[in-house]
Amino acid sequence: MSTTTAAAGTPASRMKALARAELTLLGRNKAAMFTALVLPAMLTFSMSSAVGGMDLEESGLTVGTVLLPGSLGYVLLFAVYSALVGVFVVRREELVLKRLRTGELRDREILAGAALPAVALAFVQCVLLAAGCTVVLDMAAPRAVWLAVAGLLLGAALMCVLAAATAAFTRSAEGAQISVMPMLLLSMVGSGMVVPLDVMPDMMASVCELLPLSPAIALIRGGWTGALDTGELLGHLGTAVAWTLLGVFAVRKWFRWEPRR
Amino acid sequence: MPDVIEVEELRRTYAGGFEAVRGISFSVARGELFALLGTNGAGKTSTVELLEGLAPPSAGSVRVLGHDPYTERAAVRPRTGVMLQEGGFPSELTVAETVRMWAGCTSGARPVGEALELVGLARRADVRVKQLSGGEKRRLDLALALLARPEVLFLDEPTTGLDAEGRHTTWELVRELRDAGTTVLLTTHYLEEAEALAERLAILHEGRIAAAGRVDEVVAAQPSHLSFDLPEGYHLGDLPPLGPLGVTSHETEGRTVRLKTTALQHAATELLLWARDGRVELRGLDIRAASLEEAFLHIAREQESTR
């Protein structure tokens, strides 16, 4: 393949080049590979017996429709959010982001290009986990696939934005292991990943609905159960968009392109 | 033809309130090699980052190729090459992978092999960046800066960390680029680098331009030095009148006399004629033309004492 193209580069070609390099780097980072590729499946498996013991009769949920959205949530949290906080922080500290900014890439292309491999890997994993859960737990096909897909896309976009926002407040790769914790714990406990909001007390559920990852999980679950009315759907979409806009605002205001000196 | 780089009353104040660049103006013509010389902390990198379009100026203006490099980046970036003071490369990529990535982000990039050949890194193509020496990293950075045959090249301390041979190889490369018509703006704290490469330069000191012009002009603005020991029995008053010699200042220390003059040849001739006629032996005679180094040290010292 020749790189002597005299034609001007396009945003897509630039992001592709960056994404290719990031994918190579991800492949060489064993710790990141483990967190992104093994942890979500492991957590899903470890959660299965607990979910099996839940009393789900009243909520109309099954073990599958509790477990699978949580499983995809783990993918979003570990393979996208955590992984990207690490990527953004390390590239900033290595002065890679600063160097990239001297070239033709625009700021958003740099962040998006670096995020692309993580997102792509996450989508592949989600498909595999969905297929796996369907077979193992004998789940019915999703009633509204597009809802699940929309949930996944919204969730992935939000995770990318929040990862950049978190990186803005993280000084080092070591710091990234701590700074991702609030988001991880809050989402696991409150976003319906382990305990569905449907089985929570109403008051608590209506607060938890507003957490960043809750809309994605609700849409994914709704995709399988088909039990999401238009009002609820609009509410979740509104929450997801609000968090994304808030994240974009934070990134624009606080994201740092080079280390503090 | 308008200048390739135009800087007017440029200022840069950091968030903490520190003013790193305090109102500087200069311009660089097409094909010219211009050096920003200064000690660490003089404001060189802060200035170059504004020229590269990494940040907007706090006040004043920058034009590169007729455009604002910050707000009109799409018009400027494909035509500039940048070498930062410290290369920013992912440490786990190989040299070739790094260049390939950069080539994919750059319009009209050279082939990877050609770029590496240019800086003598072809044999290191499959080595991880983290295993490169400091000098090799600088050369990799230069390869990226030259990838698209830029019209304007920004080199921020390109030879810092290089050994003597690496430095001279880089100088050769920079000269070739300049001869091929590339406009180069270079920062350095090595005087000999500025002297060897630059047609014009500005000496930065504490965010201001302390001296600027062609190298010989900057040097000529500095006084030359004459020093010698007067034999026993002779005094300063026995010398020819100092004023007509163009002597601007003098000092004595024991028997040693030090004169500064702006007319070295005239002053030296008159002094030596006086010595021959009076059969005076001037021991320790030292006649020294102004140099860039002296200009540089003089500027640093002068500003130090005016604080």
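Which residue forms a salt bridge with Glu93(A)? The views below start there; the model is predicted, with local features requiring pLDDT of at least 70 and side-chain atom pairs counting only at pLDDT 80 or more, while totals for chains, interfaces and linings use all residues. Residues are numbered from 1 along each chain as its sequence is written, chains are lettered from A in the order in which they are written, and side-chain values use heavy atoms, leaving out hydrogens and water.

**View 1. Glu93(A) and its partner.** The partner is Arg92(A), and the closest N and O atoms of the pair are 3.0 Å apart. A salt bridge here is a side-chain nitrogen of Lys or Arg within 4 Å of a carboxyl oxygen of Asp or Glu. Arg92(A) is buried, at 3% relative accessible area, whereas Glu93(A) is partly exposed, at 33%. (Buried is under 20% relative accessible area, exposed is over 50%, and partly exposed lies in between, using a 1.4 Å probe and protein chains only.)

View 2. Asp141(B) and Arg138(B) join their side chains in a salt bridge of 3.5 Å, N to O. They sit three residues apart in α5 (residues 134–145), so about one helical turn separates them. Asp141(B) is buried, with 0% relative accessible area, and Arg138(B) is buried too, at 7%.

**View 3. An exposed pair in chain B.** Arg276(B) and Asp277(B) meet through their side chains in a salt bridge of 3.7 Å, N to O. Both of these residues are exposed.

**View 4. A network with members in chains A and B.** Salt bridges link Lys98(A), Glu258(A), Arg12(B) and Glu49(B) into a network. Over all chains, the structure holds 33 salt bridges.

**View 5. An open sheet in chain B.** Three strands lie in the order β2-β1-β4, with antiparallel pairing. β2 (19–28) and β4 (59–64) of chain B are the edge strands, each with a single partner, so one side of each has no neighbour in the sheet. Neighbouring strands are turned by 20° against each other on average, direction ignored. (Strands pair if DSSP finds at least two bridges between them; helices, H or I of at least four residues, and strands, E of at least two, are DSSP runs numbered from the N terminus.)

**View 6. Strand β1 of chain B and the helix on the sheet.** Five bridges join β1 (residues 5–13) of chain B to the antiparallel β4(B). Ile5(B) has Val64(B) as its bridge partner in β4(B). Helix α1 (residues 44–52) of chain B packs on the sheet, touching β1, β2 and β4 of chain B, and its direction makes about 120° with that of β1(B). (Contact means heavy atoms within 4.5 Å; axes are lines fitted to C-alpha atoms, for helices over the stretch in contact, with angles from 0 to 180 degrees between N-to-C directions.)
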